[in-house]
Amino acid sequence: MRTSKLDKTTELELLNQLFSCATHDASAAMCRWTDGLIRLALDEVREIPLPEVCCELNVGDDLLTMVVLELFGEMSGAMILAFDEVNGRQLAAALLNRQVDPAQPWSELEKSALTETGNILGCAYMNALSRLIDRELVPSPPYFLQDFGASVLQQAILAQVDSGDEVLVCRTRFERQGENLNWHVIFVPSNRLRTALEGALR
């Protein structure tokens with residue numbers, strides 16, 4: 001139970017270290033998947049008041065291309081891999097070794113390339129967390145989605161929050177040869193999963 005500001009600060013620092021390790025594993029997997037083109041870096045682990053999450057994470061009403069994975073059961077959570085249209089197209093084209101053609105609708109092959117990216121990232125993250133809490137965390141099959149980012153994020157958060165008015169959010173950014181890309185992974189653990197992570201860290 002978090003009873004003081006110092007306690008909360010210390011716990012966030014420990015969680016930051018944990019997710020840095022998980023991001024390192026995910027980055028190595030992403031590097032292999034993209035033949036060294038793309039890496040990941042942890043952006044932040046923060047507690048954000050529920051009404052302010054979308055604003056704080058700069059997720060507005062723009063249409064986004066997303067890959068969503070979910071954890072079900074007692075240790076639930078949600079992971080969202082989000083791109084704007086241009087960046088999503090560029091990743092799919094790079095993975096398929098073809099030119100970007102934004103005039104064409106998304107093909108099943110392009111969608112499959114992005115969902116496999118989400119699957120690789122999600123499994124790398126969950127394997128790292130599973131080792132920590134000594135419980136197997138298996139994400140759902142990833143699914144491709146184009147929707148308004150704020151709506152999807154709000155649904156994911158509301159599905160995880162049991163009580164309280166603050167949400168723990170882990171955000172990761174992508175880099176291509178040192179350049180930040182407009183791609184993000186947002187991971188929202190449920191309160192029970194967060195409690196298990198904090199207990200293991202202690």
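1. Strand β1 (residues 38-49) pairs with strand β5 (residues 166-176) in the antiparallel sense over 11 bridges. Two strands count as paired if DSSP finds at least two bridges between them. Helices (H or I, at least four residues) and strands (E, at least two) are DSSP runs, numbered from the N terminus. Within this pair, Arg46 stands opposite Val169 in β5.

2. The model is predicted: local features need pLDDT of at least 70, side-chain atom pairs count only at pLDDT 80 or more, and totals for chains, interfaces and linings use all residues. Residues are numbered from 1 along each chain as its sequence is written, and side-chain values use heavy atoms, with hydrogens and water left out.

3. β5 also pairs with strand β6 (residues 179-189), through seven bridges and in the antiparallel sense. Cys170 has Phe187 in β6 opposite it. Two residues lie between the strands of this hairpin, where Gln177 takes a positive phi near 50°.

4. The sheet as a whole is open and has six strands, in the order β1-β5-β6-β3-β2-β4, with antiparallel pairing. β1 and β4 (143-148) are its edge strands, each pairing on one side only. On average, neighbouring strands are turned by 25° against each other, direction ignored. For such angles, axes are lines fitted to C-alpha atoms, for helices over the stretch in contact, and the angles run from 0 to 180 degrees between N-to-C directions.

5. Leu64 has Asp147 in β4 as its bridge partner.

6. Helix α6 (residues 191-201) lies across β1, β2, β5 and β6, and runs at about 95° to β6. Contact here means heavy atoms within 4.5 Å.

7. Two helix lengths were checked against an expected span, defined as 1.5 Å times one less than the number of residues. Helix α3 (residues 85-96) has 12 residues and should span 16 Å; its end C-alpha atoms are 17 Å apart, which agrees.

8. In α3, the buried residues include Asn87, Gly88, Arg89, Leu91, Ala92 and Ala93. Buried means under 20% relative accessible area, exposed over 50%, and partly exposed in between (1.4 Å probe, protein chains only). Just after α3, Asn97 takes a positive phi of about 55°.

9. Asp35, in the loop between α1 (5-33) and β1, has a positive phi of about 55° although it is not a glycine. Asp35 is exposed, with a relative accessible area of 73%. Asp134 lies in the loop between α4 and β4, and its phi is near 55°, a positive value in a residue other than glycine. At 69% relative accessibility, Asp134 counts as exposed.

10. A search of the whole structure finds zero disulfides, a disulfide being a pair of cysteine sulfur atoms within 2.5 Å. The sulfur of Cys170 is 12 Å from the closest cysteine sulfur, in Cys21, too far for a bond. Cys170 is buried, with a relative accessible area of 2%, whereas Cys55 counts as exposed at 66% relative accessibility.
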